[in-house]
Amino acid sequence: MPELNGITVHPDCRHFRGDVPCRPNKEHGYQCADCPVYAPVRQRILIIKLGAIGDVIRTTPLLRRLRQEYPNAFITWLTHTPAILPAGEVDEILKLELSAVLHLQARQFDLLFNLDKDKEACALLGSIKADQKFGYQLRPTDGVAWPVNELANHKFLTGVFDQLSLQNTKPYVQEIFELCDYDFRGEEYLFDNHQDKGYTWDALPSGKRVGLNTGCGDRWTTRLWSDEKWIALISQLQQAGYTPVLLGGTAEEERNRRLHDATGAAYLGTFPLEQFINLMHQMDLIVTQVTMAMHISIALRKPTVLINNIFNPYEFDLYGRGQIVQPDRQCVCFYRGSCKLGTSCMEDLPADKVMAAVEASFPSNL
């Protein structure tokens, strides 16, 4: 055991900090020589998954398998959005910035998973030391992302050829597991519902709450459902005794206020991310398009009615809770931001079809 000036030190302990006293020392006065909570780290694992937020959320099932395979591992996760990760499930959460990169490059890991094809993520896989590496690397000759090994081939190819992406029948989480050399066994997301933060929702009406996330971001606007369709759905929900609640961020605020004025559906406004997550947790079911709220809904284990048109529906695993609803007209704009036909096929998705999915998916015990 290492000693400094005759004092036993355990730098391999998961509690040891190196720059400041560890929590057991601070709270209980323990020192390494006779510490009753000494927890030696057997493996050190680095996950690089930078963004987007939804993709970070739907990568968290991997944590469940890693904890099962390596119960004494110290897991580090590098990302653009540290706040979205469950702090109690990851030993070290780092934001992508120079200070984090510098000290990661000076360390040694047993396993390194880079699950992004961003050039900075691929470059980091090449510059950080690890015994085993999985995912994507940077080809030095031309600076493009490339599979580290054949395990990453499938996920790589579906990302660079639309034809192969359309033919894919594997959910995203299964693809990620296989890339990391694991079989997917239905592991759920790991997520914090922030129910312990003391948020109160006195303005939230009671009843069978159906959250309606009305936005879809500004990248693929071919997904947008018109105000008229949302108003029709809200009317049907109200007539059937449900309590519709409008959800969204600043990009959806104007639309949600219009829908509130037109229907009287509840709209509480916009909130910081953690509070928004907790608001979603108050819902009994969520209707959403393919967006961050979809991933949050799945992570919160809410029944989810997913409105989809331009994406391969096999990509999304609702874990048996909910349905995927698509327009009656086949979409011809796979991963396109504008409709080739001029009018989005979302106009051919009737409110009746979404309403039927809500009624079929609503929890039977409520």
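A charge sits over a ring if NZ of Lys or CZ of Arg is within 6 Å of the ring centre and within 35 degrees of the ring normal. Lys-117 lies over the face of Tyr-136 in this way, at 5.8 Å from the ring centre. The model is predicted. Across the whole structure, a search finds 9 aromatic pairs.

**Trp-146 and Phe-156**
- One of the 9 aromatic pairs joins Trp-146 and Phe-156, with an edge-to-face arrangement.
- Their centres are 5.5 Å apart, and the angle between the planes is 65°.
- Trp-146 belongs to strand E8 (residues 145–147), while Phe-156 belongs to helix H6 (residues 153–160).
- The pair therefore ties together parts that are 10 residues apart in sequence.
- Trp-146 has 40% relative accessibility, so this residue counts as partly exposed.
- Phe-156 is buried, because its relative accessible area of 11% falls under the 20% cut-off.

**Phe-311 and Phe-316**
- Phe-311 and Phe-316 also form an aromatic pair, again edge-to-face.
- Here the separation is 6.3 Å centre to centre, with 80° between the planes.
- Both of these residues, Phe-311 and Phe-316, are buried.

**Another charge over a ring**
- Lys-208 places its charged end over the ring of Phe-362.
- The distance to the centre of the Phe-362 ring is 5.9 Å.

Methods: Residues are numbered from 1 along each chain as its sequence is written. This is a predicted model: local features need pLDDT of at least 70, side-chain atom pairs count only at pLDDT 80 or more; totals for chains, interfaces and linings use all residues. Side-chain values use heavy atoms; hydrogens and water are left out. Rings of Phe, Tyr and Trp (its six-membered ring) pair if their centres lie within 6.5 Å; planes under 30 degrees apart count as stacked, over 60 as edge-to-face and the rest as tilted. Helices (H or I, at least four residues) and strands (E, at least two) are DSSP runs, numbered from the N terminus. Buried means under 20% relative accessible area, exposed over 50%, partly exposed in between (1.4 Å probe, protein chains only).
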